Amino acid sequence: QDSPLKAVQMLWVNLIMDTFASLALATEPPTEALLLRKPYGRDKPLISRTMLKNILGHAAYQLLVIFTLLFVGAWPRGAPGGPAGVPTG
């Protein structure tokens with residue numbers, strides 16, 4: 001049984017993925033207030049209420065856009081595959 005990725009390829013994938021993560025963490029300089037704040041407790045949630053609202057709001061927006069493009073996006077331009085009864089062309 002042969003692996004789909006060789007060892008060197010897996011090392012390259014790991015290097016690329018780790019590079020993007022480290023760049024994301026390193027782009028924002030630490031402020032003095034951030035360095036002086038107390039650590040969060042063990043029982044605190046990992047995702048705050050504001051973060052959850054932002055994640056769900058963005059997911060809803062993406063679903064709205066993708067479904068609009070999927071179901072409505074073809075027929076206004078006269079492309080084939082529009083709803084029945086709508087003239088194309």
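A residue counts as buried under 20% relative accessible area, as exposed over 50%, and as partly exposed in between (1.4 Å probe, protein chains only). By this rule, buried residues make up 1% of the 89 residues in the chain. The model is predicted, so local features need pLDDT of at least 70 and side-chain atom pairs pLDDT 80 or more, while totals for chains, interfaces and linings use all residues. Residues are numbered from 1 along each chain as its sequence is written, and side-chain values use heavy atoms, without hydrogens and water.

The chain has 3 helices and 0 strands (DSSP runs of H or I, at least four residues, and of E, at least two, numbered from the N terminus). Along the sequence the pattern is α-α-α. Helix H1 spans residues 7–26 and contains Trp12. Trp12 counts as exposed because its relative accessibility is 54%.

The chain exposes about 8,700 Å² (Shrake-Rupley method, 1.4 Å probe; for residues, only the protein chains shown count as cover). Carbon and sulfur atoms supply 68% of this area.

The largest pocket holds about 180 Å³ of space. A pocket is an open set of points on a 1 Å grid over the protein atoms alone, with protein on both sides within 12 Å along at least five of seven lines; lining residues have an atom within 4 Å of a point. The volume is the space filled by probe spheres set on the points, which are joined across faces, edges and corners. Tyr40, Gly41, Lys44, Pro45, Leu46, Ser48 and Met51 form the lining.

Definitions and conventions. On a 1 Å grid over the protein atoms alone, a cavity is a set of points where a 1.4 Å probe fits but cannot get out, and a pocket is an open set with protein on both sides within 12 Å along at least five of seven lines; lining residues have an atom within 4 Å of a point.
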